[in-house]
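Here is a short briefing on a protein model. Look at the sequence and the structure before you read on.

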Amino acid sequence: MSFLRKMIKTIDMISEKAGQVGKWFAVLLVLIGSYETISRHFFGAPTIWAYDSLCMAGGVLYLIGASYTYLHNSHTRVDIIYSQLSEHKQALMDVICSLILFFPLMIVMLKMAIEWSIKAIKVNEVMFNSFWYPPATPYRIVFALGLLMLVLQGLAKFIRDFYFVIKGEKID
Amino acid sequence: AKDEPAAAGGEPVQKVEKIVWKSSGHGPATDPSQIFHDKCCEAITLASGGRLEVKPFVGGSIVPAYKELDAINEGVLQMGYTCPMYNLDKWPSAGLISSRPGGLPGEALRTWFNYGGGADLMNEMMEGYNVMTFPGALSPLPEEVFFHSKVKLESMADIQGLKARCMGDGGEVLKRMGAATVIIPGSECYEAMQRGTIDAFEYSTLATNWNMHFNEVAPYLYLSPTRAPSDPQVFFVNKDAFNELPKDLQEIVRAEIDKWSQAQHEYLVFESVNAVDKFKEAGTEVYKVPSDIEEALTAEAAAFYEEKSATEDPIFGKIYNSMKEFGIAYNAVH
Amino acid sequence: MIDISAELVTFLMLGGVFALVLTGFPIAFVIGSVSFIVGFLIFGPETTFHILYSRFYGLSLNYPYLAVPLFTFMGVILQHSGITKTLYESLYEALGGLKGGLAIVTVIFGTILAACLGVIAASVTILTLIALGPMIARGYNKPLAAGSIVAAGTLGILIPPSIMLVVYAPQAGLSIGQMFMGAILPGLMLSGLYIAYITIRCRLQPEAGPAMSADEITPFSAAKFVKLLKSLLPPVLLILAVLGTIFSGIAPPTEAAAVGSLAAVILAIIYKKFSWGLIKHAAIETLRVSSFVVLIAALCYAFVGIFMSAGSGEVVSNLILSVPGGKWASFAVIMLIVFLLGMFIEWIGIVFIIVPIFSPILAQLGFNPLWAGMMICINLQMAFQTPPMAMSIFVLKGTADPKLGLTMADIIRGVVPFVLIIMVVLILCIVFPGIITWLPEKVIGTTYH
Ligand code: NA
Ligand code: NA
């Protein structure tokens with residue numbers, strides 16, 4: 001068990017760190033958006049990079065935040081029935097739902113994200129929302145990383161719930 | 001088609017296998033390109049006697065708008081009608097056969113595509129992808145409005161520092177010419193003009209722009225065939241899906257695409273002609289772009305594309321030079 | 001791949017989401033997985049994977065939705081800088097002497113907060129923390145106290161800036177600025193009617209909202225007036241920073257949200273409430289909120305891709321258009337569906353699933369898209385207060401000090417009259433569409449493009 005315990009602790013730590021790093025992209029959004037506004041309106045000097053940079057910073061924030069948000073159980077649930085269940089039944093429900101509603105979808109998304117990252121490297125994919133044409137590969141990779149961390153966090157949660165369902169006690 | 005055992009009446013009944021394609025425009029539903037795309041799909045279904053049913057979808061309903069080609073490549077869609085430009089992410093030269101400064105205007109562009117090797121070059125550009133096009137599949141749009149503007153453009157001096165919303169290579173070329181180009185979504189143009197975020201902008205063809213009520217926010221309308229002589233749209237088809245079709249259905253697909261892409265072009269030219277009158281009636285002052293601006297733009301665009309030809313893959317230079325040479329030959333005749 | 005009718009697909013997808021969200025599993029994954037499973041069955045793996053991934057990826061880079069993290073950041077800064085508390089105290093001193101005065105103060109305070117904040121939780125949290133205690137301490141009827149907090153707090157999602165409008169507008173092809181303008185009058189009308197209801201109720205039933213006793217009320221003085229004005233300054237500055245930036249043409253809404261965030265930080269510095277901890281807290285809250293919002297949005301967007309590819313859009317549209325009784329009957333059905341969905345599902349899921357389906361139908365029926373969109377948004381605003389899935393009620397219950405003894409039954413009873421008022425406003429907007437369209441037309445011009 002100590003290996004499992006260590007593993008889920010490590011995953012938790014990764015998600016927590018990801019959130020703490022990812023949060024600075026929120027500050028970056030404020031800075032870029034304000035800079036573009038001030039530069040354009042008061043100095044007549046719009047940038048060509050703000051638009052794409054904003055989009056990417058936002059994307060990084062959401063994706064890097066996905067596992068942090070899962071770690072802190074902040075993804076919205078409709079808990080009309082769920083909240084009435086005992087802790088044990090909640091864990092059982094989450095175990096079943098994870099197997100059907102989380103892992104198949106998210107593992108496929110992760111697989112696709114990896115394939116498209118490789119594709120992006122091969123064709124030197126760029127973004128063309130503006131004529132700045134920044135490379136798309138770094139973002140494609142962060143997107144895949146975000147999904148990887150989310151899948152890992154899902155795994156950690158699954159192990160916790162499963163252990164609790166089987167043994168009737170918390171793993172940690 | 002498979003032979004089935006004779007039916008009770010005696011006559012052998014041919015059971016025809018029905019093929020279903022999904023095809024997407026790039027939307028929105030009211031856009032002429034989407035309307036003509038839908039008409040083309042219906043026409044193929046009808047002309048094939050229902051053997052090939054092409055289900056039309058509005059852009060953005062299956063895959064995100066402008067991502068149609070990736071979906072055709074993956075076989076998610078079998079056909080699509082979109083701007084080559086939206087594939088700049090993987091093919092830098094796709095921007096050449098698109099809305100761009102110094103490009104070929106409508107009739108010349110279609111002629112180049114159908115007879116001057118354009119369709120072949122585009123297929124070469126897409127090599128390695130499960131996607132094809134063919135002559136007749138390109139529909140040039142009438143030249144885009146140069147600018148809707150609040151500022152009167154009298155010489156190059158007026159371009160300096162002009163807060164203009166422009167996208168694509170045209171935006172980059174204008175920036176090199178000294179404009180302060182602003183990047184905002186097309187849906188924000190109206191309000192951005194009204195509130196002074198921008199002084200001028202390009203959006204789409206005259207007819208579309210009239211429907212957007214841009215006369216209410218821009219007293220001046222500038223026309224010129226230099227910034228975006230055409231913003232072509234092209235039908236793309238999944239190679240495997242096309243090759244699996246019986247010969248007669250292939251012919252139907254080619255013929256209907258040819259018919260409807262040409263029809264859209266004529267329709268839009270007609271609409272644009274009407275739209276100019278509507279703008280004038282509504283009090284918009286319509287002008288030709290001063291020649292020094294046109295000349296500066298043409299020169300800057302040429303410099304820009306020559307530079308790019310030197311650094312991009314060889315196919316870029318091939319397409320650029322083919323278009324340039326055809327343009328020179330075309331202008332010598334006209 | 002199996003061949004099943006579009007009708008059955010429609011039923012499986014909508015029914016599947018409806019049934020499976022009740023498991024209590026995070027709804028983002030439920031919605032994504034329903035599309036995954038149904039898509040897998042009818043289109044096979046490759047097509048389904050491509051649709052889901054390309055839509056998820058595409059939405060993650062969406063420009064207009066950047067207003068979600070930016071308005072969240074601004075809201076958290078304001079919420080935790082304590083600037084708003086002074087405003088409440090000033091209002092309290094000015095109006096506490098009226099019957100039902102504290103509930104009226106709650107609504108006014110909520111309306112001003114609504115113009116500063118765009119995320120629902122922020123308004124309701126602030127109101128609960130600041131306004132609930134004093135009302136209950138003074139013997140207010142608990143349902144009335146709770147209802148006024150829920151109703152006034154929920155205005156935050158309607159009166160601009162508003163994440164709901166930011167999410168709705170691009171879905172329906174409308175400009176965010178127009179939606180913002182269109183929401184102002186209905187929002188103020190709701191606020192006015194809430195105050196009217198509280199006033200009348202407390203006149204008829206003074207024990208529901210007792211006035212402060214005579215010895216507590218200090219006479220209204222110039223000093224009090226100055227204090228009120230001073231406390232109004234930060235919110236007014238913030239409103240000017242955001243709405244002013246948008247409507248004076250300095251920047252489009254997304255960038256205005258960035259400017260608003262910067263302004264909130266500057267205000268915190270000026271009022272000596274600034275700390276790095278505040279920035280860190282705002283940043284991590286922004287990450288948390290926008291991550292779950294956008295994950296739901298992205299997977300709903302994926303859902304819609306499968307739904308439309310399967311031809312289910314047409315099924316729903318035919319169903320609604322075939323309702324006997326003409327366009328108003330179809331409209332009533334749409335509003336009813338939104339209301340019923342709103343009782344059970346989170347608003348983001350609803351916006352992302354229904355807007356692509358309903359917008360073309362509404363256009364086909366000939367309704368002004370801005371008006372129709374605003375009607376749906378007012379309706380969705382009501383969904384925040386209709387149990388069982390009622391975000392505002394959850395936030396109030398979750399934030400309220402347990403010592404105050406507020407029960408779920410109190411809250412639900414208190415919310416009913418306010419929900420009825422929202423319905424009245426919806427009817428008024430049908431009779432007088434100008435409530436929605438007049439201001440945008442006045443300020444922006446035409447509203448039909
Ligand atoms: Na608000
Ligand atoms: Na509800």
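Helices (H or I, at least four residues) and strands (E, at least two) are DSSP runs, numbered from the N terminus. This is a predicted model: local features need pLDDT of at least 70, side-chain atom pairs count only at pLDDT 80 or more, and totals for chains, interfaces and linings use all residues. Residues are numbered from 1 along each chain as its sequence is written, chains are lettered from A and ligands numbered from 1 in the order in which they are written, and side-chain values use heavy atoms, without hydrogens and water.

**Nonpolar patch**
- L92(A), I96(A), L99(A), I100(A), I2(C), I37(C) and L41(C) form a nonpolar patch on the surface.
- Patch residues have over 30% relative accessible area and no salt bridge; nonpolar side chains (Val, Leu, Ile, Met, Phe, Trp, Tyr) are joined within 5 Å, like charges within 9 Å.
- Together the seven named residues have about 580 Å² of accessible area (Shrake-Rupley method, 1.4 Å probe, only the protein chains shown count as cover).
- α4 (87–123) of chain A and α2 (27–43) of chain C each supply at least two patch residues.
- α4(A) gives the most, with four residues.

**Chains C and A**
- In chain C, 56 residues are in contact with 62 residues of chain A (heavy atoms within 4.5 Å).
- The two chains bury about 5400 Å² between them, 78% of it on carbon and sulfur atoms. Buried area is the accessible area (1.4 Å probe) that two parts lose on being put together, summed over both.
- On the chain C side, F25(C), Y53(C) and L287(C) lose the most area to chain A, together 14% of what that side buries.
- The count between chain C and chain A is one salt bridge (a side-chain nitrogen of Lys or Arg within 4 Å of a carboxyl oxygen of Asp or Glu).
- E255(C) and R40(A) meet in a salt bridge, 2.8 Å from N to O.

**Salt bridges in chain B**
- D258(B) and R110(B) pair at 2.6 Å, N to O. This pair links helix α9 (residues 247–281) to helix α3 (residues 106–114), 148 residues apart.
- R110(B) counts as buried because its relative accessibility is 10%, while D258(B) is partly exposed at 31%. Buried means under 20%, exposed over 50%, partly exposed in between (1.4 Å probe, protein chains only).

**Confidence in chain B**
- Chain B averages a pLDDT of 90, and 95% of the residues score at least 70. pLDDT is the predictor's confidence in each residue, from 0 to 100.
- Over residues 1–10 of chain B the pLDDT is below 50.
- Where pLDDT is low, the predicted coordinates should not be read in detail.
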